[in-house]
Amino acid sequence: MNAPTVHGRADAAVNGRVPRRDFRLDWLLLRRIYHIARPYWVRHGAWRSWLVLIFSCGLIVAGVALGGWVTYLSRDMTNALVGKQENPFWTVFALLAAVTFGRDLLNIPTNYLASRLNVHWRNWLTDYITERYLQFRAYYVIGGDPALDNPDQRIQEEVPAFVMTLIGIPGNIIGSIGALSVQSGVLMSLSMPLFWATIGFSVVQFLVTIWLQRPIVKQSYDITLAEADLRYGLLHVRNNAEVVAFYRGEGAELGNLRQRMRIVVEKLLINVRYNNVVAGGQAVLSAVWMVLPLLLLVPMYFAGQLDYGAITQAQMAAVQIQGAFSAITVFIPVLASLAPHAVRLAQLDERCEQLGHQQEDGIRRQAGDRIELDDVSVHTPGGELSLVKGLSLTLEPGARLLIMGQTGVGKSSLLRTMAGLWSAGSGRITMPSPERALFLPQAPYMTLSDLRSQIMYPAGRATLDDAELQALLERVQLGDLAERHGGFDTVQDWGRLLSLGEQQRIAFARVLYCKPEFVFLDEATSAVDAATEDLLYALLRRSGATVVSVGHRARLIDSHQQVLRLLSGGAWRLETAQQALAVETQTASPAVAPPPAVLASA
């Protein structure tokens, strides 16, 4: 039975929406890893990172060379011990201890440099992906795409896992190749049969590991996706805490969260069971390796072809060769564990890149000094529904337009289209540059910063002193706000602390601070009383800005010059304020005849 959709998001892996190609260890995965990793290593100033990487690999090569020396010293020490040669034994023992200590000591700077590189790469890659995520309003488009779940989790959690895994790969490969080269020479000089047996065993181990690890890619992806889905559910409850509390919806939310947790547990148990199978296969291979060197070396010793020290040396060389092959073999499960992180980052990055190269094939847009809509038809983003048909109007600087209509006819959608958030449809829109306009939604965005930054958003911090900021708050009837909350430098969760009415007045303070020439309001005064609403719109009139409002209240007509009334089926008509008031009066008193429409759609 398929897992149900919870809070609008389904377990994509369960419901089969994730392409099967994302679960494979193939060239597509390697290309995706390369595409994500490459920008860091070709950026301006990347030579410093290359220098750190090369120096770290040099330390690894030095450790490999010392490892080869250890096998010879182990042979000499063993022979001295068997021959009861006390002075040579202690001399070789001291040298062996010093070389072993030196080899282990090299791990300290190697690990330190790898950790520093890991932190730097993570910071850079997080910034790089976040910048792409915010460009072209990708965050807005992706937010409504069910195929790209939890973009925040992808950036915050997948980036460090991706970087940490990749950082260790060059060192492992260089160390493995170096160990294979050095120890193969040692082992070939002692026992060719053991050398070829070691190579054959390692190849078999490599192939068996590939075969065993293939299902783990999908299992790792499923676990990552289920964990992200659980995190999204918990975050959703936190972000809607007050609404859930009003509804007494704790039981329903608990049921949803338990369902998400059941999916996590199901995926984990599948992985646990399969890991037991993998562990069994590895145990068989380890048992074979325990007896193989002795079966080949001991007969040679009894035949007088090897001394006892050579047996020790050959065993150590064989162990290091097998260990080098194991390090290469471990690359497969490492790649399997890396796959879900790489795929989820690649999906996000590819979508951002697609949006960056995407040509606008719907409504055409151009910059100008006025607002003009020429034969504009607005569709929902997927093209499922036509909301407005053939709309044409022109607003000269200083004009004030109110968009009205029943719920669902497309008032806010038209505003989104004018803002450039939606482009599905046809026609041409002329709009001022973004720097000259400010959009006020019904629920204003409260940034994670201090009160000073709330008022200046999105312009950022400036040189306004506290007195000037206080004057702005007083003009929007929030004169006591700073004093109540500890001043303008107080950092709070303003979205939770302030009521919606207070947040809407903060938004108007932003208008007074930014002084935009064009202001667009989507029911931006819905949570304030009538007197405050009149005051806020009076501020807009005195500013001289061109105003486009979306609203339901008839009283808003007095603050505007024209009314665009959207009707069902995509129809519309443009009315003067006086005509719109007459329509509202007729609605309240059917005996009054409605005025003729100034302009109507076909």
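## A first look around this predicted model

Helix H12 (residues 411-419) lies across strands E1, E2, E3 and E5, and runs at about 120° to E2. Welcome to the structure, which is a predicted model.

- Four strands make up an open sheet with mixed pairing, and their order is E1-E5-E2-E3.
- At the edges are strand E1 (364-367) and strand E3 (386-395), each of which pairs on one side only.
- From one strand to the next, the twist averages 10°.
- Inside the sheet, strand E2 (residues 371-379) and strand E5 (residues 425-431) run antiparallel and are joined by five bridges.
- To find this pairing on screen, look for Leu373, whose bridge partner in E5 is Ile429.

**Strand E4 and its two partners**

- Strand E4 (residues 400-405) is largely enclosed by the rest of the structure, because six of its six residues are buried.
- Arg400, Leu402 and Met404 point one way from E4, while Leu401, Ile403 and Gly405 point the other way; all are buried.
- One partner of E4 is strand E8 (residues 546-550), which runs parallel to E4 and is joined to it by four bridges.
- In that pairing, Arg400 stands opposite Val547 of E8.
- The strand E9 (residues 562-566) also runs parallel to E4, with five bridges joining the two.
- Here Leu402 is the residue to look for, as it stands opposite Val563 of E9.

**Helix H14**

- In helix H14 (residues 466-475), the buried residues are Leu469, Gln470, Leu472 and Leu473.
- Seen down the axis of H14, these buried residues fall within an arc of 155°, so they line one face of the helix.
- What do the buried residues of H14 pack against? They meet helix H13 (451-456), helix H15 (481-484) and helix H17 (500-514).
- At the start of H14, Asp465 has a side-chain oxygen that reaches to within 3.2 Å of the backbone nitrogen of Ala467.
- After H14 comes Gln477, which has a positive phi, near 65°.

**The nonpolar cores**

- In soluble globular proteins, nonpolar side chains tend to be buried together.
- The largest nonpolar core here has 40 residues, and those touching the most other members are Leu440, Leu473, Val476, Ile506, Phe508, Leu521 and Leu540.
- Helix H17 supplies the largest share of this core, with seven residues.

**A buried serine in a loop**

- Where does Ser449 sit? Its place is in the loop between strand E6 (437-440) and H13.
- Ser449 has a relative accessible area of 19%, and with the cut-off for buried set at under 20%, this residue counts as buried.
- Which residues is Ser449 in contact with, leaving aside its neighbours within four places in sequence? They are Gln454, Thr490, Val491, Gln492 and Trp494.

Notes:
Residues are numbered from 1 along each chain as its sequence is written. This is a predicted model: local features need pLDDT of at least 70, side-chain atom pairs count only at pLDDT 80 or more; totals for chains, interfaces and linings use all residues. Side-chain values use heavy atoms; hydrogens and water are left out. Buried means under 20% relative accessible area, exposed over 50%, partly exposed in between (1.4 Å probe, protein chains only). The arc is that of the directions from the helix axis to the C-beta atoms. Contact means heavy atoms within 4.5 Å. A polar contact is a pair of N or O atoms within 3.5 Å; within protein, one must be able to donate a hydrogen and the other to accept it, and residues adjacent in sequence count only if both atoms are side-chain atoms. A nonpolar core is a set of buried Ala, Val, Leu, Ile, Met, Phe, Trp, Tyr and Cys residues joined through side-chain atoms within 4.5 Å. Two strands pair if DSSP finds at least two bridges between them. Axes are lines fitted to C-alpha atoms, for helices over the stretch in contact, and angles run from 0 to 180 degrees between N-to-C directions.
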